[in-house]
Amino acid sequence: MTKVTTPLLNGPRHPPPPPIELDPMGLLRRYRWFAAAAGITLAFALVSLTAHKSPGLTAFADLAGVVLMLAAAGITLANAFTRPRQERSFWALLALGFALWVSNQTAWTYWETVLRVPIPDPFFFDIVLFFHVVPMIAAAAWRPDLAKVEGKLQLSVLSFMMLLGWWVFLYGFIVFPHQYVVLNVSRYSVYYDRLYGLENALLLGLLGLAAWTSSGGWRRLYLNFLAAAALYGINSQFLDRAAADNTYYSGSAYDIPLIGTVAWMAAASLSAREWDLKTVPPLKRASWRKVLSRLAMLALLSLPALGLWVVFFDQSPAASRLFRLFTVLTGMVVLGAFVFLRQYVQDQTLMGILQQSRQSYDTQMRLQKQLVQKEKLASLSTLVSGAAHEINHPLTAIMTYSEQLWAQERLTEEQKALLRKIVNQAQRTRDLVANLLSFAQQSPGEKVLVDLNVLLSRAWQMLEPHYPGGQIRVSISIAAEFPRVRGNANQLFQVLVEIIENALDALQEAGGGLLEITAQKQGNEAVLQFSDGGPGVREPERVFDPFYTTKPIGKGTGLGLSVAYGVMQDHGGQITCQNKPEGGALFVVRLPAAAEPAAQVAGAAGA
């Protein structure tokens, strides 16, 4: 009997995927703060639902609220000091909101537990309770999950300050007259509750927008705060109705959502330390980002309308109407100041952008000129290299035959003079060819630490004998902290000789004068300045072009400064030329300062 096997059975068998195992301890560790918040809320609910109204229940509920709010304020304040810089304002604003909240709860506890008297209506600390939401609104609007742009950041802050001022104005305009100007408890309670509900709705809207437009850890944080704030906002409406019906007391079931809200926010603040809160660039086409500035403008425009309403339609007592008019005027002055400040900041921002654009344009033009100059040098070096080699062959023959002819004794004096001119012109041509080859065969060369002070001294010592008479003076001033540079000593020496020789020729043409050479450190650069008192340069923008020269025929090839320009480009430096307003030319050489090893610097100091 033959056993038949199939490739499927004999092929490699992959083990089945391991079953997904849930680690209860891992989940508990991950969500431990939320579990603790739920436990605290359940414990409070158990006491609240089983205990009867009593001083003990009142003290328990009030103190529990104080402790939880203090804990939340401490957690957010600790985050403000320990979290990255981008998040600190967000946590600091939340800490301020909890601090105001706990101050109201402390006053409530003092009246009910220590004094054991009913809470007065209206209560002064109702103002503190009202404004504790404002820093939380500011935290939600701050959006630390989005990177801030410096100019737009200032404008956003000013827009928010305008809205904050308008919100304070609303409280003073709507609630305050019934609270302290002409007491009307029923209207005060109605307007306070409505405005407080609107405030909580605004917080929910901002948190919802933040959760919708964010991602990752920030979305998780915003969603937790949104859910907690929604729980508090809904419960506050039921609590207000219970207070109006005199059915609310501290420790009742209405306090359970309050404890749950504070515990939930504290747990989210603690858990956020373990979440990946990344800051991302803002969306360029996000239309919702313009809402803040538009709301600020609407807030300003609403003030005159409210003032007209007071004058023509307000039926309140005269004292309340007068107070509201003064409130409108004060609000217009304050918000108007913010408008002028915002316009000033915007103008400064636009001026800064214009200045940056101008600098970018100048930098682009300078880089473009440098690129064109480098392309000129590259193309000419190729052309010149081939031409110089072709010229060198017949030139060598001319020099050889001239020397052989010179050795003959049968030449007349006239013939010898002509032959001497031929030899001189051949030597001049050979020098020109050597310069052409030197220009064409520029190579980076080995770079070491170079002391420009030594090179300057050598360059002047080499050129000084060629300019006798004492009419030309040279002043060399080198700062004590002048650094060394990393480069090729021979090439840098050639650059210095070329610049100094051009300046000395200009002074000789002017009949004498002073050449000032200064060397100093500017930032991370070694800067050399060559300032002469000559006639100046006819076309400063062309002095580095190959074959450009203003010297007489036979004195210069126009390649020296082009070679110097190429050397500076190879060394990561810069050479510029300009005419001074008082006359004369100014050449500026900039080279990156070398970072010398610590041991070498110490040895130099010891020497």
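Author: What follows covers cavities, backbone and surface. This is a predicted model, where local features need pLDDT of at least 70, side-chain atom pairs count only at pLDDT 80 or more, and totals for chains, interfaces and linings use all residues. Residues are numbered from 1 along each chain as its sequence is written, and side-chain values use heavy atoms, with hydrogens and water left out.

Reader: How many cavities of 30 Å³ or more are there?
Author: Two. A cavity here is a set of points on a 1 Å grid over the protein atoms alone where a 1.4 Å probe fits but cannot get out. Points are joined across faces, edges and corners, and the volume is the space filled by probe spheres set on them.

Reader: What volume does the largest cavity have, and which residues line it?
Author: The volume is about 80 Å³. The lining (residues with an atom within 4 Å of a point) includes Phe-90, Leu-94, Met-136, Phe-225 and Met-265. Helices α5 (85-115), α7 (133-142), α9 (185-213) and α10 (216-244) each give two or more residues; helices are DSSP runs of H or I with at least four residues, numbered from the N terminus. The largest share, three residues, is from α7.

Reader: How does that lining split by class?
Author: There are 10 nonpolar residues, no polar and no charged ones. Ala, Val, Leu, Ile, Met, Phe, Trp, Tyr, Cys and Pro count as nonpolar, Asp, Glu, Lys and Arg as charged, and the others, Gly among them, as polar.

Reader: And what about the second largest cavity?
Author: That one holds about 70 Å³ of space. Its lining has seven nonpolar, three polar and no charged residues, among them Trp-101, His-132, Asn-200 and Thr-261. At least two residues come from each of α7, α9, α10 and α11 (255-271).

Reader: Switching to backbone. Where is the cis peptide bond?
Author: Between Asp-121 and Pro-122, with omega about 5 degrees. Pro-122 is in the loop between α5 and α6 (125-131).

Reader: Which residue has a positive phi although it is not a glycine?
Author: Arg-116, at about 55 degrees. Arg-116 is also in the loop between α5 and α6.

Reader: Is Arg-116 buried or exposed?
Author: Exposed, at 61% relative accessible area; exposed means over 50% with a 1.4 Å probe, protein chains only.

Reader: Last topic, the surface. Where is Val-311, and is it buried or exposed?
Author: Val-311 sits in helix α12 and counts as exposed at 51% relative accessibility.

Methods
On a 1 Å grid over the protein atoms alone, a cavity is a set of points where a 1.4 Å probe fits but cannot get out, and a pocket is an open set with protein on both sides within 12 Å along at least five of seven lines; lining residues have an atom within 4 Å of a point. Buried means under 20% relative accessible area, exposed over 50%, partly exposed in between (1.4 Å probe, protein chains only).
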